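Subject: The model I promised you

Hi,

Here is the structure for you to look through. Open it first, then read on with it next to you.

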Amino acid sequence: MKIKALDTYFLSAPLPQPVRTSTSTISRVSELIVQLTTDSGLIGIGEAHGPFLSQGGPEAMKAVGQILERVTPLVVGQDPFKVERVWQDLFALTYTSVTAISAIDIALWDLMGKATSRPVHALLGGALRSKVPAYVTGFYYRDGERPDDLRREAALYLEHGYRTVKVKVAGLSPEADAERVGVIRKAVGDDVAIMLDANQGWDLPSALRATRLCEPYNIFWLEDPMPWYDERHALRRLKAEVNVPISAGETEFTPFGLRTMVAEGLVDYLIIDSTWAGGLTVWRKAAVMAELYQVPLAAHHDPQIHVHAVAASPTGFILESFADPTRDPLWFELFRERPKIVDGFMAVPETPGLGLELRQDTLEKYGVRLG
(Lines give C-alpha, C1' and ligand atoms only; values in the text may rest on other atoms or scores of the structure.)
Protein backbone atom coordinates (compact mmCIF):
# COMPACT_ATOMS: atom_id res chain seq x y z
CA MET A 1 0.00 0.00 0.00
CA LYS A 2 1.37 3.38 -1.05
CA ILE A 3 0.22 6.96 -0.53
CA LYS A 4 -0.78 8.43 -3.88
CA ALA A 5 -2.16 11.86 -2.88
CA LEU A 6 -1.90 14.42 -0.10
CA ASP A 7 -4.85 16.83 0.08
CA THR A 8 -4.98 19.72 2.52
CA TYR A 9 -7.75 21.97 3.77
CA PHE A 10 -7.18 25.17 5.69
CA LEU A 11 -10.18 25.80 7.98
CA SER A 12 -10.86 29.07 9.78
CA ALA A 13 -13.99 29.94 11.76
CA PRO A 14 -14.60 33.38 13.33
CA LEU A 15 -15.75 33.53 16.95
CA PRO A 16 -18.94 35.49 17.68
CA GLN A 17 -17.02 37.35 20.40
CA PRO A 18 -13.23 37.50 20.76
CA VAL A 19 -11.80 35.92 23.91
CA ARG A 20 -8.47 36.65 25.55
CA THR A 21 -5.73 34.90 27.41
CA SER A 22 -2.93 36.69 29.23
CA THR A 23 -0.85 36.91 26.06
CA SER A 24 -3.21 36.88 23.08
CA THR A 25 -6.66 37.66 21.71
CA ILE A 26 -8.46 34.83 19.95
CA SER A 27 -10.91 36.03 17.31
CA ARG A 28 -11.06 32.83 15.24
CA VAL A 29 -10.11 29.18 15.41
CA SER A 30 -8.19 27.47 12.63
CA GLU A 31 -7.31 23.90 11.74
CA LEU A 32 -5.18 22.24 9.12
CA ILE A 33 -6.83 19.08 7.78
CA VAL A 34 -4.77 16.55 5.83
CA GLN A 35 -6.22 13.65 3.87
CA LEU A 36 -3.82 10.96 2.67
CA THR A 37 -5.25 8.76 -0.09
CA THR A 38 -3.65 5.39 -0.83
CA ASP A 39 -3.61 3.24 -3.94
CA SER A 40 -5.89 0.81 -2.08
CA GLY A 41 -8.57 3.47 -1.70
CA LEU A 42 -8.14 4.03 2.05
CA ILE A 43 -8.05 7.64 3.25
CA GLY A 44 -6.28 8.77 6.43
CA ILE A 45 -7.31 11.94 8.25
CA GLY A 46 -4.97 14.22 10.17
CA GLU A 47 -5.51 17.47 12.06
CA ALA A 48 -3.14 20.14 13.28
CA HIS A 49 -2.98 23.67 14.56
CA GLY A 50 -0.16 26.04 15.34
CA PRO A 51 0.81 29.64 16.02
CA PHE A 52 0.85 30.76 12.39
CA LEU A 53 -2.63 29.30 11.89
CA SER A 54 -4.28 31.19 14.73
CA GLN A 55 -4.78 34.43 12.83
CA GLY A 56 -5.95 32.81 9.59
CA GLY A 57 -6.01 34.91 6.45
CA PRO A 58 -3.86 34.95 3.30
CA GLU A 59 -0.51 34.95 5.10
CA ALA A 60 -1.30 31.80 7.04
CA MET A 61 -2.54 30.04 3.92
CA LYS A 62 0.58 31.15 2.03
CA ALA A 63 2.79 29.73 4.78
CA VAL A 64 0.93 26.42 4.71
CA GLY A 65 1.17 26.27 0.92
CA GLN A 66 4.93 26.80 0.98
CA ILE A 67 5.37 24.06 3.57
CA LEU A 68 3.25 21.63 1.56
CA GLU A 69 5.39 22.19 -1.53
CA ARG A 70 8.38 20.95 0.46
CA VAL A 71 6.84 18.04 2.33
CA THR A 72 4.55 16.48 -0.28
CA PRO A 73 7.40 14.74 -2.22
CA LEU A 74 8.49 13.12 1.07
CA VAL A 75 5.05 11.65 1.68
CA VAL A 76 3.53 10.69 -1.67
CA GLY A 77 4.75 7.26 -2.74
CA GLN A 78 5.56 6.14 0.81
CA ASP A 79 4.23 3.14 2.71
CA PRO A 80 2.10 4.56 5.57
CA PHE A 81 3.42 1.84 7.90
CA LYS A 82 6.87 3.42 7.71
CA VAL A 83 5.61 6.17 9.97
CA GLU A 84 8.87 6.71 11.85
CA ARG A 85 10.86 6.97 8.61
CA VAL A 86 8.43 9.55 7.20
CA TRP A 87 8.51 11.50 10.48
CA GLN A 88 12.31 11.61 10.53
CA ASP A 89 12.45 12.77 6.90
CA LEU A 90 9.91 15.53 7.55
CA PHE A 91 11.53 16.64 10.80
CA ALA A 92 14.94 16.87 9.18
CA LEU A 93 13.56 19.04 6.36
CA THR A 94 11.23 21.34 8.23
CA TYR A 95 11.58 21.00 11.98
CA THR A 96 10.48 24.62 12.34
CA SER A 97 7.13 23.74 10.72
CA VAL A 98 5.98 21.05 13.11
CA THR A 99 2.31 21.78 12.39
CA ALA A 100 2.57 20.20 8.94
CA ILE A 101 4.39 17.19 10.37
CA SER A 102 1.65 16.79 12.98
CA ALA A 103 -1.24 16.57 10.53
CA ILE A 104 0.58 14.19 8.18
CA ASP A 105 1.77 11.96 11.01
CA ILE A 106 -1.71 11.69 12.55
CA ALA A 107 -3.15 10.80 9.13
CA LEU A 108 -0.56 8.02 8.81
CA TRP A 109 -1.67 6.52 12.12
CA ASP A 110 -5.29 6.76 11.00
CA LEU A 111 -4.36 4.95 7.77
CA MET A 112 -2.52 2.20 9.62
CA GLY A 113 -5.53 1.64 11.83
CA LYS A 114 -7.92 1.47 8.90
CA ALA A 115 -5.61 -0.86 6.97
CA THR A 116 -5.47 -3.30 9.90
CA SER A 117 -9.09 -2.75 11.04
CA ARG A 118 -7.82 -1.68 14.45
CA PRO A 119 -8.26 1.53 16.45
CA VAL A 120 -5.22 3.78 16.76
CA HIS A 121 -4.89 3.07 20.48
CA ALA A 122 -4.29 -0.61 19.62
CA LEU A 123 -1.35 0.42 17.43
CA LEU A 124 0.03 2.50 20.30
CA GLY A 125 0.14 -0.58 22.51
CA GLY A 126 -3.48 -1.05 23.47
CA ALA A 127 -5.90 0.85 25.66
CA LEU A 128 -5.24 0.56 29.39
CA ARG A 129 -8.67 1.98 30.25
CA SER A 130 -12.09 2.02 28.61
CA LYS A 131 -12.75 5.71 29.18
CA VAL A 132 -10.59 8.77 29.76
CA PRO A 133 -11.36 11.75 32.02
CA ALA A 134 -11.70 15.16 30.38
CA TYR A 135 -11.63 18.68 31.73
CA VAL A 136 -13.21 21.72 30.15
CA THR A 137 -11.20 24.82 29.30
CA GLY A 138 -13.10 28.06 29.62
CA PHE A 139 -13.37 31.26 31.63
CA TYR A 140 -11.46 33.26 29.04
CA TYR A 141 -11.39 37.02 29.48
CA ARG A 142 -14.19 38.76 27.59
CA ASP A 143 -15.00 42.43 27.15
CA GLY A 144 -17.62 43.64 29.61
CA GLU A 145 -17.39 40.48 31.71
CA ARG A 146 -19.29 40.49 35.02
CA PRO A 147 -19.36 38.00 37.91
CA ASP A 148 -22.76 36.76 36.74
CA ASP A 149 -21.17 35.82 33.39
CA LEU A 150 -18.67 33.60 35.24
CA ARG A 151 -21.50 32.02 37.22
CA ARG A 152 -23.49 31.28 34.06
CA GLU A 153 -20.44 29.75 32.42
CA ALA A 154 -19.81 27.60 35.48
CA ALA A 155 -23.42 26.41 35.40
CA LEU A 156 -23.01 25.38 31.74
CA TYR A 157 -20.03 23.17 32.54
CA LEU A 158 -21.70 21.60 35.56
CA GLU A 159 -24.75 20.90 33.44
CA HIS A 160 -22.51 19.01 31.00
CA GLY A 161 -21.20 16.88 33.86
CA TYR A 162 -17.64 18.21 34.08
CA ARG A 163 -15.81 17.73 37.36
CA THR A 164 -12.65 19.63 36.36
CA VAL A 165 -12.48 23.13 34.85
CA LYS A 166 -9.58 25.25 33.63
CA VAL A 167 -9.55 29.01 34.18
CA LYS A 168 -7.47 31.62 32.35
CA VAL A 169 -5.33 33.82 34.59
CA ALA A 170 -2.45 36.34 34.33
CA GLY A 171 -4.45 38.77 32.20
CA LEU A 172 -5.36 40.92 35.21
CA SER A 173 -3.57 41.90 38.39
CA PRO A 174 -2.95 39.02 40.81
CA GLU A 175 -5.59 40.47 43.13
CA ALA A 176 -8.22 40.74 40.38
CA ASP A 177 -7.44 37.24 39.12
CA ALA A 178 -7.77 35.82 42.64
CA GLU A 179 -11.13 37.54 43.04
CA ARG A 180 -12.26 36.05 39.75
CA VAL A 181 -11.11 32.56 40.77
CA GLY A 182 -12.97 32.99 44.06
CA VAL A 183 -16.22 33.67 42.20
CA ILE A 184 -15.71 30.55 40.10
CA ARG A 185 -14.86 28.39 43.12
CA LYS A 186 -18.05 29.44 44.86
CA ALA A 187 -20.07 28.78 41.69
CA VAL A 188 -18.73 25.24 41.03
CA GLY A 189 -18.55 24.15 44.66
CA ASP A 190 -15.83 22.33 46.54
CA ASP A 191 -16.10 19.03 44.65
CA VAL A 192 -14.96 20.39 41.27
CA ALA A 193 -11.25 20.68 40.56
CA ILE A 194 -9.98 24.04 39.30
CA MET A 195 -6.91 24.37 37.09
CA LEU A 196 -5.28 27.72 36.33
CA ASP A 197 -3.64 28.51 32.99
CA ALA A 198 -1.41 31.58 32.88
CA ASN A 199 -0.31 31.06 29.24
CA GLN A 200 3.20 32.14 30.31
CA GLY A 201 1.88 35.56 31.25
CA TRP A 202 3.63 36.17 34.58
CA ASP A 203 7.12 37.00 35.67
CA LEU A 204 8.33 35.22 38.80
CA PRO A 205 7.22 37.86 41.37
CA SER A 206 3.73 38.03 39.83
CA ALA A 207 3.49 34.25 39.71
CA LEU A 208 4.44 33.98 43.36
CA ARG A 209 1.94 36.61 44.47
CA ALA A 210 -0.93 35.34 42.31
CA THR A 211 -0.40 31.71 43.27
CA ARG A 212 -0.38 32.52 46.97
CA LEU A 213 -3.57 34.55 46.59
CA CYS A 214 -5.27 31.66 44.76
CA GLU A 215 -4.03 28.85 47.02
CA PRO A 216 -7.06 29.11 49.37
CA TYR A 217 -9.28 28.06 46.44
CA ASN A 218 -7.65 24.61 46.29
CA ILE A 219 -5.95 24.80 42.90
CA PHE A 220 -5.43 21.46 41.14
CA TRP A 221 -2.60 22.66 38.90
CA LEU A 222 -0.97 25.85 37.65
CA GLU A 223 -0.20 25.66 33.94
CA ASP A 224 2.61 27.48 32.13
CA PRO A 225 3.04 30.25 34.69
CA MET A 226 6.06 31.94 33.07
CA PRO A 227 7.75 32.34 29.66
CA TRP A 228 9.32 29.16 28.33
CA TYR A 229 12.73 30.73 27.71
CA ASP A 230 13.45 30.97 31.45
CA GLU A 231 11.05 28.31 32.61
CA ARG A 232 13.56 25.90 34.20
CA HIS A 233 15.10 28.38 36.62
CA ALA A 234 11.90 30.25 37.38
CA LEU A 235 9.89 27.05 37.90
CA ARG A 236 12.47 25.75 40.34
CA ARG A 237 12.10 28.88 42.48
CA LEU A 238 8.31 28.93 42.18
CA LYS A 239 7.96 25.28 43.22
CA ALA A 240 10.17 25.90 46.22
CA GLU A 241 7.87 28.60 47.59
CA VAL A 242 4.28 27.60 46.76
CA ASN A 243 2.19 24.50 47.36
CA VAL A 244 0.47 24.17 43.97
CA PRO A 245 1.30 21.44 41.40
CA ILE A 246 2.80 22.73 38.14
CA SER A 247 1.91 21.57 34.63
CA ALA A 248 3.85 22.49 31.51
CA GLY A 249 4.90 21.30 28.11
CA GLU A 250 1.97 21.66 25.75
CA THR A 251 3.00 22.95 22.36
CA GLU A 252 6.18 24.95 22.78
CA PHE A 253 8.39 21.89 23.06
CA THR A 254 8.94 18.52 21.49
CA PRO A 255 9.97 15.78 23.96
CA PHE A 256 13.61 16.63 23.31
CA GLY A 257 13.17 19.99 25.03
CA LEU A 258 11.06 18.58 27.84
CA ARG A 259 13.57 15.99 28.95
CA THR A 260 15.40 18.19 31.45
CA MET A 261 12.21 19.65 32.92
CA VAL A 262 10.86 16.17 33.62
CA ALA A 263 14.15 14.68 34.82
CA GLU A 264 14.70 17.53 37.27
CA GLY A 265 11.19 17.27 38.68
CA LEU A 266 10.20 20.77 37.61
CA VAL A 267 6.73 19.74 36.47
CA ASP A 268 4.12 17.61 38.22
CA TYR A 269 2.07 17.08 35.04
CA LEU A 270 3.35 16.92 31.47
CA ILE A 271 1.13 18.26 28.67
CA ILE A 272 1.62 17.23 25.03
CA ASP A 273 -0.36 18.26 21.96
CA SER A 274 0.17 15.82 19.10
CA THR A 275 -1.63 18.17 16.69
CA TRP A 276 1.00 20.84 17.27
CA ALA A 277 4.17 19.17 18.51
CA GLY A 278 4.75 16.62 15.75
CA GLY A 279 1.96 14.05 15.74
CA LEU A 280 1.26 10.78 17.52
CA THR A 281 4.82 9.63 16.81
CA VAL A 282 6.01 12.42 19.10
CA TRP A 283 3.34 11.53 21.66
CA ARG A 284 4.68 7.98 21.75
CA LYS A 285 8.18 9.28 22.51
CA ALA A 286 6.84 11.59 25.23
CA ALA A 287 4.80 8.76 26.77
CA VAL A 288 7.94 6.66 27.25
CA MET A 289 9.69 9.56 28.97
CA ALA A 290 6.65 10.26 31.18
CA GLU A 291 6.51 6.61 32.20
CA LEU A 292 10.23 6.51 33.04
CA TYR A 293 9.80 9.41 35.45
CA GLN A 294 6.24 8.50 36.50
CA VAL A 295 4.84 11.87 35.46
CA PRO A 296 1.10 12.00 34.63
CA LEU A 297 0.65 12.78 30.93
CA ALA A 298 -2.16 15.14 29.88
CA ALA A 299 -3.31 16.23 26.44
CA HIS A 300 -3.80 19.70 25.02
CA HIS A 301 -6.67 20.24 22.53
CA ASP A 302 -8.37 17.76 20.16
CA PRO A 303 -9.70 15.10 22.55
CA GLN A 304 -11.02 13.09 19.58
CA ILE A 305 -7.41 12.28 18.69
CA HIS A 306 -5.80 12.29 22.10
CA VAL A 307 -8.30 9.87 23.62
CA HIS A 308 -6.38 7.11 21.80
CA ALA A 309 -3.02 8.37 23.03
CA VAL A 310 -3.98 8.97 26.65
CA ALA A 311 -5.79 5.62 26.87
CA ALA A 312 -2.68 3.76 25.66
CA SER A 313 -0.15 5.62 27.85
CA PRO A 314 0.77 4.07 31.22
CA THR A 315 0.75 7.48 32.90
CA GLY A 316 -2.02 8.87 30.66
CA PHE A 317 -4.16 11.16 32.75
CA ILE A 318 -6.66 13.56 31.21
CA LEU A 319 -7.98 15.23 28.03
CA GLU A 320 -8.67 18.88 27.32
CA SER A 321 -12.03 19.78 25.76
CA PHE A 322 -14.40 22.65 25.07
CA ALA A 323 -18.10 22.75 25.91
CA ASP A 324 -18.99 26.18 24.57
CA PRO A 325 -19.56 26.32 20.78
CA THR A 326 -18.77 30.06 20.81
CA ARG A 327 -15.18 29.12 21.75
CA ASP A 328 -14.55 26.40 19.14
CA PRO A 329 -17.21 26.01 16.44
CA LEU A 330 -15.00 23.60 14.47
CA TRP A 331 -15.09 21.04 17.29
CA PHE A 332 -18.88 21.09 17.19
CA GLU A 333 -19.28 20.99 13.39
CA LEU A 334 -16.34 19.09 11.88
CA PHE A 335 -17.32 15.45 12.41
CA ARG A 336 -20.30 13.39 11.31
CA GLU A 337 -20.43 11.75 14.73
CA ARG A 338 -18.60 13.86 17.27
CA PRO A 339 -17.21 11.85 20.19
CA LYS A 340 -19.19 12.68 23.31
CA ILE A 341 -17.99 13.59 26.77
CA VAL A 342 -20.39 12.19 29.35
CA ASP A 343 -20.06 12.99 33.05
CA GLY A 344 -16.52 14.19 32.47
CA PHE A 345 -15.30 11.14 30.52
CA MET A 346 -14.80 10.23 26.86
CA ALA A 347 -15.24 6.57 25.90
CA VAL A 348 -12.28 5.01 24.09
CA PRO A 349 -13.37 4.27 20.48
CA GLU A 350 -13.17 0.78 19.01
CA THR A 351 -13.69 1.68 15.34
CA PRO A 352 -10.72 1.37 12.94
CA GLY A 353 -8.23 4.22 12.85
CA LEU A 354 -9.20 7.35 14.71
CA GLY A 355 -12.88 6.53 14.20
CA LEU A 356 -13.58 9.95 12.71
CA GLU A 357 -15.43 10.99 9.57
CA LEU A 358 -15.29 14.59 8.37
CA ARG A 359 -18.35 16.52 7.28
CA GLN A 360 -17.86 17.74 3.73
CA ASP A 361 -20.25 20.66 4.28
CA THR A 362 -18.07 21.90 7.15
CA LEU A 363 -14.93 21.69 5.00
CA GLU A 364 -16.71 23.77 2.36
CA LYS A 365 -18.18 26.22 4.89
CA TYR A 366 -14.94 27.05 6.69
CA GLY A 367 -12.23 25.62 4.49
CA VAL A 368 -10.04 26.39 1.52
CA ARG A 369 -8.41 23.52 -0.32
CA LEU A 370 -4.68 24.04 -0.81
CA GLY A 371 -2.36 22.53 -3.36
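What is the volume of the largest cavity? It comes to about 80 Å³. Before the rest, a word on where the values come from. This is a predicted model, where local features need pLDDT of at least 70, side-chain atom pairs count only at pLDDT 80 or more, and totals for chains, interfaces and linings use all residues. Residues are numbered from 1 along each chain as its sequence is written, and side-chain values use heavy atoms, with hydrogens and water left out.

**The cavity**

Rolling a probe the size of a water molecule over the atoms shows where empty space is left. Here a cavity is a set of points, on a 1 Å grid over the protein atoms alone, where a 1.4 Å probe fits but cannot get out. Grid points are joined across faces, edges and corners, and the volume is the space filled by probe spheres set on the points. By this rule there is one cavity of 30 Å³ or more. Lining residues have an atom within 4 Å of a point; among them are E31, E47, H301, D302, P303, Q304 and W331. Helices α11 and α12 (329-333) each supply at least two residues of that lining. (Helices are DSSP runs of H or I with at least four residues, strands are runs of E with at least two, and both are numbered from the N terminus.)

Have a look at α11, residues 303-312. All 10 of its 10 residues are buried, so the helix is largely enclosed by the rest of the structure. Buried means under 20% relative accessible area, with exposed over 50% and partly exposed in between, using a 1.4 Å probe and protein chains only. The buried residues of α11 include H306, H308 and Q304.

D302 sits in the loop between β10 and α11. Its phi is near 45°, a positive value in a residue other than glycine. D302 counts as buried, at 8% relative accessibility. F139 has a positive phi too, of about 55°, although it is not a glycine. You'll find F139 in the loop between β4 (131-138) and α5 (147-159), buried with a relative accessible area of 0%.

**The core**

A nonpolar core is a set of buried Ala, Val, Leu, Ile, Met, Phe, Trp, Tyr and Cys residues joined through side-chain atoms within 4.5 Å. The largest one has 112 residues, and L36, I104, L196, W202, L238 and W283 have the most contacts inside it. Helix α3 (residues 98-116) gives the most to this core, with 10 residues. Apart from it lies another core of seven residues, including M195 and W221.

Contact means heavy atoms within 4.5 Å, and beyond its neighbours within four places in sequence, L36 is in contact with residues including I3, L42, V75, I104 and L111.

**The sheet**

Which strands make up the open sheet, and in what order? The order is β3-β2-β1-β14, with antiparallel pairing. Two strands pair if DSSP finds at least two bridges between them. β3 (43-48) and β14 (367-370) are the edge strands, each pairing on one side only. On average, neighbouring strands of this sheet are turned by 20° against each other, direction ignored. Axes are lines fitted to C-alpha atoms, for helices over the stretch in contact, and angles run from 0 to 180 degrees between N-to-C directions. Helix α3 packs on the sheet, touching β1 (3-20), β2 and β3, and its direction makes about 145° with that of β3.

Strand β2 (residues 25-38) pairs with β3 over six bridges, and L32 stands opposite A48 in β3. T37 is also found in β2; it is buried, with a relative accessible area of 16%.

**Strand β9**

In β9 (residues 269-272), Y269 and I271 point one way, L270 and I272 the other, and all are buried. Three bridges join β9 to strand β10 (residues 297-299), and the two run parallel. I272 stands opposite A299 in β10.

**One last spot**

P227 lies in the loop between β7 (219-223) and α8 (231-241). P227 and G201 are 26 residues apart in sequence, yet 6.9 Å apart in space, C-alpha to C-alpha. P227 is in contact with Q200 and W202, leaving aside its neighbours within four places in sequence.

Happy exploring!

Conventions
On a 1 Å grid over the protein atoms alone, a cavity is a set of points where a 1.4 Å probe fits but cannot get out, and a pocket is an open set with protein on both sides within 12 Å along at least five of seven lines; lining residues have an atom within 4 Å of a point.
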